Amino acid sequence: MVDTAVISNGLDGIVVAETRISEVDGAKGKLIICGHDSEELAFNSTFEQTCALLWTTGGSEPASEAALEEKFGEGRLEAYELLKKNPFVLRQNHPMDALRSASSLMSSGTQIDWAEYARITAAQAVFAANWSRVHRGLELKSPDAGLSHSADFLRLLNDKTPSKADSDALDIYWTTISDHALNASTFTARVVASTESDNISAIVAAIGALKGPLHGGAPGPVLEMLNAIGKPENAESWIRNSIDSGKRIMGMGHRIYKVRDPRAAIFEKAIRQLEASGAPASRLSLARAVESQAEKILAEKHPDHPLKANVEFYTAVLLDAIHIPDHLFSSMFAAGRVGGWLAHIAEQRLHGRLIRPASRYTGPMPR
Ligand code: ACO
């Protein structure tokens, strides 16, 4: 008989798995990915290298760098062919709906295999970039399998080969957000994998979980907020009005971090690096001003619940600085987090068991 006396609404503090993939220290503001400090990894690893690390840690065989890059290139081309045959999937208005639908057209099994994972991961970027193209009235565009994943994504999106500074910044973004322990979408992927369902079913479910505004849907609204505030002097009154009318400030607060999310600092550093390379000035100084007002006002309203900037706050500023339209922010998150989802799916298949929590019945009993 299950003891239903104690409920953890939202599963706070409930440990349901051991993992070697990542560790979040919410008190110290530290993120470790496969044994590496996230900042060190972000500035020294391409997204493909990060995926290789994640997947080997999850339990896949290792791949050579050249073989992995080749599979990413093949995967992008395969995804493009799928879109050409099924262009209707890109007609959906919400980019995450299109990503979910396009992904669900891919065939898959339950294999733990880096080549399969590269194929699934590569496809997300092609689906996202081409969704954006279609919604801007442009033709579908074919990937260039010879480019790096980040450079090819930016080329698909903007019709020109990007600067190295821009593609490096995208590698930093995707590596930084590639994994984050048992967040809602990763947990969702593990639940589906725990039923021995196939890899794509787990990825499609995870995309659905990431779409929500309390998880991966926040950076678009963050950019809208920065645009609405316009200049630092307006920040305080805008934020007070927003909170007083019962709204949440997007990009602030986190279930695990009680201090500032370490990924915010990584993105800030990446933005400064971009600006130093000659890129036009970003919205960084406005963002810093808005963050400090938001932090101050939220501390007044919730003195016992630290609410600091989370990853989404500076995601908006970084992606905007590399010319990614805000309608793609959540898809960009999915295109990077898919690396972590697949590592967790592998780990779940190898070491987990069916995830099946209990509930407490509060309905009527039969007479
Ligand atoms: N703005 C205003 N108030 C907030 C915010 C916020 N951003 N975040 C939490 N609060 C308030 C809540 O209204 C609640 O107040 P109450 O106790 O008076 O009802 C209190 O703080 C606690 O809120 P919870 O939702 O219980 O806190 P939790 O730790 O579960 O929330 C979450 C974490 C969902 C991220 C929340 O802080 C939030 O909604 N933030 C805005 C959305 C966002 O930025 N999402 C991206 C998260 S990062 C990621 O998933 C990749």
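Which residues make the nonpolar surface patch of about 310 Å²?

Author: The model is predicted, so local features need pLDDT of at least 70 and side-chain atom pairs count only at pLDDT 80 or more, while totals for chains, interfaces and linings use all residues. Residues are numbered from 1 along each chain as its sequence is written, and side-chain values use heavy atoms, with hydrogens and water left out.

Leu11, Ile14, Val16 and Leu182 make the nonpolar patch of about 310 Å². A patch joins residues with over 30% relative accessible area and no salt bridge, like charges within 9 Å and nonpolar side chains (Val, Leu, Ile, Met, Phe, Trp, Tyr) within 5 Å. A salt bridge is a Lys or Arg side-chain nitrogen within 4 Å of an Asp or Glu carboxyl oxygen. Areas are Shrake-Rupley values with a 1.4 Å probe; for residues, only the protein chains shown count as cover.

Ile14 sits in the segment before strand E1 (22-25), and Leu11 is also placed before E1. Helices (H or I, at least four residues) and strands (E, at least two) are DSSP runs numbered from the N terminus. Ile14 counts as partly exposed because its relative accessibility is 44%; Leu11 counts as partly exposed because its value is 38%. The classes are buried (under 20%), exposed (over 50%) and partly exposed in between, with a 1.4 Å probe and protein chains only.

Leu11 has a further feature: a positive phi of about 55°, although Leu11 is not a glycine. Most residues other than glycine have a negative phi. Asp159 also has a positive phi, of about 60°, and is not a glycine. Asp159 lies in the loop between helix H6 (149-158) and helix H7 (164-176), and is partly exposed because its relative accessible area is 40%.

Helix H4 gives a view of the covered side of the model. Eight of the 10 residues of H4 are buried: Pro95, Met96, Asp97, Ala98, Leu99, Ser101, Ala102 and Ser103. Their cover includes helix H3 (65-85), helix H5 (114-135), helix H9 (199-211) and helix H15 (329-351). Asp97, in H4 (residues 95-104), counts as buried because its relative accessibility is 15%. Beyond its neighbours within four places in sequence, Asp97 contacts Gln92 and Lys211, contact being heavy atoms within 4.5 Å.

The ligand is surrounded by 20 residues, of which Arg248, Ile249, Gly251, Met252 and Asn310 are the closest; a surrounding residue has a heavy atom within 4 Å. Polar pairs are N or O atoms within 3.5 Å. A polar backbone atom of Ile249 lies 2.7 Å from a ligand nitrogen, and a backbone N or O atom of Met252 is 2.8 Å from a nitrogen atom of the ligand. From the side chain of Arg255, a polar atom is 2.9 Å from a ligand oxygen. On its own the ligand has 930 Å² of accessible area, and the protein covers 74% of that.

Gly253 belongs to the loop between helix H11 (235-244) and helix H12 (262-276). Gly253 is buried because its relative accessible area is 11%. Not counting residues up to four places away in sequence, Gly253 touches Leu307, Lys308 and Asn310. Between Gly253 and Gln348 there are 95 places in sequence and 29 Å in space, C-alpha to C-alpha.

Note on methods
A polar contact is a pair of N or O atoms within 3.5 Å; within protein, one must be able to donate a hydrogen and the other to accept it, and residues adjacent in sequence count only if both atoms are side-chain atoms.
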